[in-house]
Amino acid sequence: MAGDGAKLRTPASQRAAMDHAAPPPRTTVSRAEGASFDAGLRAFFAYRDLGVRGATGGAFGAHVIRAVPGTGAAPQWHTHDLGFQFVFVLRGWVSFEYEDIGAVTFRPGDSVLQPPLVRHREIAHSDDLEL
């Protein structure tokens, strides 16, 4: 913790994004009321951008993701080249499989910190999933 002499290391991908002469992040508020969810990377999910990428000059990102009812997962092994990826389930359930720990099902209040480049895939989710 602060002052204990430990050095925190920032992953290279985050350092590179932060090293560009971007302005310092601003206090950024994203309201749920009236928010829109848009199509994105996966057809079975809709994404709400929380404004973090813009506020941090691309160093970080944050979304709320909802399942598109009636569509299912399309399990494909993949990785993310992110220095930080955190998933927190708000509603419904989702099952992921990780190369390092196997299959895990998450329910409301559950979370996972996915390390950079860990191979994983989404196996299934409920129609009311929100994470």
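Strands S1 and S2 pair in the antiparallel sense over 2 bridges, where two strands count as paired if DSSP finds at least two bridges between them, and helices (H or I, at least four residues) and strands (E, at least two) are DSSP runs numbered from the N terminus. The model is predicted, so that local features need pLDDT of at least 70 and side-chain atom pairs count only at pLDDT 80 or more, while totals for chains, interfaces and linings use all residues. Residues are numbered from 1 along each chain as its sequence is written, and side-chain values use heavy atoms, with hydrogens and water left out.

**Chain and sheet**

The chain has 2 helices and 8 strands, and from the N terminus on its elements run α-β-β-α-β-β-β-β-β-β. Within an open sheet of 3 strands the order is S1-S2-S3, with antiparallel pairing. Strand S1 (38–39) and S3 stand at the edges with a single partner strand each, so one side of each is left without a neighbour in the sheet. Strand S5 (94–98) is joined by 5 bridges to strand S6 (residues 102–106), antiparallel to it, and a hairpin of 3 residues connects S5 to S6. Another 5 bridges join S5 to S8, again in the antiparallel sense. Individual bridge partners from these pairings are listed below.

| Residue | Bridge partner | Strand of the partner |
|---|---|---|
| Asp-38 | Tyr-47 | S2 |
| Ser-95 | Thr-105 | S6 |
| Tyr-98 | His-120 | S8 |

**Burial and core**

Of the 131 residues of the chain, 26% count as buried, a class that means under 20% relative accessible area, with exposed over 50% and partly exposed in between (1.4 Å probe, protein chains only). In S5, 4 of the 5 residues are buried, so this strand is largely enclosed by the rest of the structure. The largest nonpolar core has 15 residues, of which Phe-45, Val-94, Tyr-98, Phe-106, Leu-129 and Leu-131 touch the most other members; such a core is a set of buried Ala, Val, Leu, Ile, Met, Phe, Trp, Tyr and Cys residues joined through side-chain atoms within 4.5 Å. The elements that give two or more residues to this core are S2, S3 and S5, and S5 gives the most, with 3 residues.

Leaving aside neighbours within four places in sequence, Phe-45 is in contact with residues including Ile-65, Val-68, Glu-122 and Leu-129, contact meaning heavy atoms within 4.5 Å. Among contacts in the chain between residues at least 6 apart in sequence, 58% join residues at least 24 apart.

Asp-127 lies in the segment after S8 and, at 44% relative accessibility, counts as partly exposed. With neighbours within four places in sequence left aside, Asp-127 is in contact with Ala-67, Pro-69, Gly-70 and Thr-71. Asp-127 and Gly-70 are 57 residues apart in sequence and 6.6 Å apart in space, C-alpha to C-alpha.

**Largest pocket**

The largest pocket has a volume of about 1000 Å³. On a 1 Å grid over the protein atoms alone, a pocket is an open set of points where a 1.4 Å probe fits, with protein on both sides within 12 Å along at least five of seven lines, and lining residues have an atom within 4 Å of a point. Of the 37 residues that line the largest pocket, the closest to its centre are His-63, Ile-65, Leu-82, Gln-85 and Val-87. The largest share of this lining, 4 residues, comes from S4.

Key
Grid points are joined across faces, edges and corners, and a volume is the space filled by probe spheres set on the points.
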